[in-house]
Amino acid sequence: MAKDLEARISDLEKRVSVLEKGTHGISPESGGKKRTQSVSEFLREKQVTRATSAANLVLAIAVYCENFRGADAFSVVDLRDLIREAKHKQPANINDCIYRNIPKGYIAEDERGEDGKKRWYVTNSGIELVDNNFNQDEQNN
């Protein structure tokens, strides 16, 4: 029984280690600090291409903004700057892209706002969708 318990603990420790390294770039060796990754590298990793819909591009950029730039919410200006940095074509209407993600439950409005400007945050569902490279089947499992 003691060997079974030790084996199970060892297995769980390995799984936690893998999860900590996961898609958010945190490793136990780094003391919980996020690794740096460019927005272009992040989009490539998440399989966001020029053919990806504008709404999905905006969602992925928003996840990047929160995960790698330390933002707890984002504005249209934040997204516009990151899209430019990634050298992707600017969507015709970023606000529309944001609002297309709200009914799906991927983005929600941050009621606090900032300086009278609207701000939003990515929900857990939105993060999961991007983490699964927009594969909704994997998200629902």
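## The loop between α6 and α7

Phe 134 has a relative accessibility of 18% and therefore counts as buried, a class that means under 20% relative accessible area, with exposed meaning over 50% and partly exposed in between (1.4 Å probe, protein chains only). Phe 134 is placed in the loop between α6 and α7. Its phi is near 65°, a positive value in a residue other than glycine.

Asn 133 lies in the loop between α6 and α7 (136-139) as well. With a relative accessibility of 27%, Asn 133 is classed as partly exposed. Although Asn 133 is not a glycine, its phi is positive, at about 55°.

## Basis of the model

The model is predicted: local features need pLDDT of at least 70 and side-chain atom pairs count only at pLDDT 80 or more, while totals for chains, interfaces and linings use all residues. Residues are numbered from 1 along each chain as its sequence is written, and side-chain values use heavy atoms, with hydrogens and water left out.

## Overall architecture

The chain contains seven helices and two strands. In sequence order the pattern is α-α-α-α-α-β-β-α-α.

The chain has 141 residues, of which 38% count as buried. Its accessible surface is about 9,000 Å², with 49% belonging to carbon and sulfur atoms; these areas come from the Shrake-Rupley method with a 1.4 Å probe, and for residues only the protein chains shown count as cover. A contact is defined by heavy atoms within 4.5 Å. Among contacts between residues at least 6 apart in sequence, 48% join residues at least 24 apart.

## The nonpolar core

In soluble globular proteins, nonpolar side chains tend to be buried together. A nonpolar core is here a set of buried Ala, Val, Leu, Ile, Met, Phe, Trp, Tyr and Cys residues joined through side-chain atoms within 4.5 Å. The largest such core has 31 residues, and the members touching the most others are Leu 43, Leu 59, Ile 61, Phe 74, Leu 79 and Ile 98. At least two residues of this core come from each of α2, α3, α4, α5, β2 and α6 (124-131). The greatest contribution is that of α3, with ten residues.

Leu 43 is in contact with Val 48, Leu 57, Ala 60, Ile 61, Ala 86 and His 88, leaving aside neighbours within four places in sequence.

## Helix α4

Helix α4 spans residues 76-85, and Val 76, Leu 79, Leu 82 and Ile 83 are buried in it. Viewed down the axis of α4, these buried residues fall within an arc of 130°, so they line one face of the helix. The arc is that of the directions from the helix axis to the C-beta atoms. An α-helix has 3.6 residues a turn, so residues three or four places apart point the same way.

The partners of the buried residues of α4 are α2 (39-45), α3 (54-68), α5 (94-101) and β2 (117-122).

Five aromatic pairs occur in the structure. Rings of Phe, Tyr and Trp (its six-membered ring) pair if their centres lie within 6.5 Å; planes under 30 degrees apart count as stacked, over 60 as edge-to-face and the rest as tilted. Phe 42 and Tyr 64 make a tilted pair, 5.5 Å centre to centre with 55° between the planes. Because Phe 42 lies in helix α2 and Tyr 64 in helix α3, the pair ties together parts that are 22 residues apart in sequence. Phe 42 is buried, with a relative accessible area of 1%, and Tyr 64 is buried at 2% relative accessibility. Ring pairs link Phe 42, Tyr 64 and Phe 68 into a cluster.

Gln 37 touches Phe 42, Glu 45, Tyr 64 and Phe 68, not counting residues up to four places away in sequence. It lies in the loop between α1 (2-21) and α2 and counts as buried at 9% relative accessibility. The side chains of Gln 37 and Glu 45 are joined by a polar contact of 3.0 Å. A polar contact is a pair of N or O atoms within 3.5 Å; within protein, one must be able to donate a hydrogen and the other to accept it, and residues adjacent in sequence count only if both atoms are side-chain atoms.

## Asp 110 in strand β1

Asp 110 is found in strand β1 (residues 107-114) and is buried, at 10% relative accessibility. Apart from neighbours within four places in sequence, Asp 110 is in contact with Ala 73, Arg 119, Trp 120 and Tyr 121.

Methods: Helices (H or I, at least four residues) and strands (E, at least two) are DSSP runs, numbered from the N terminus.
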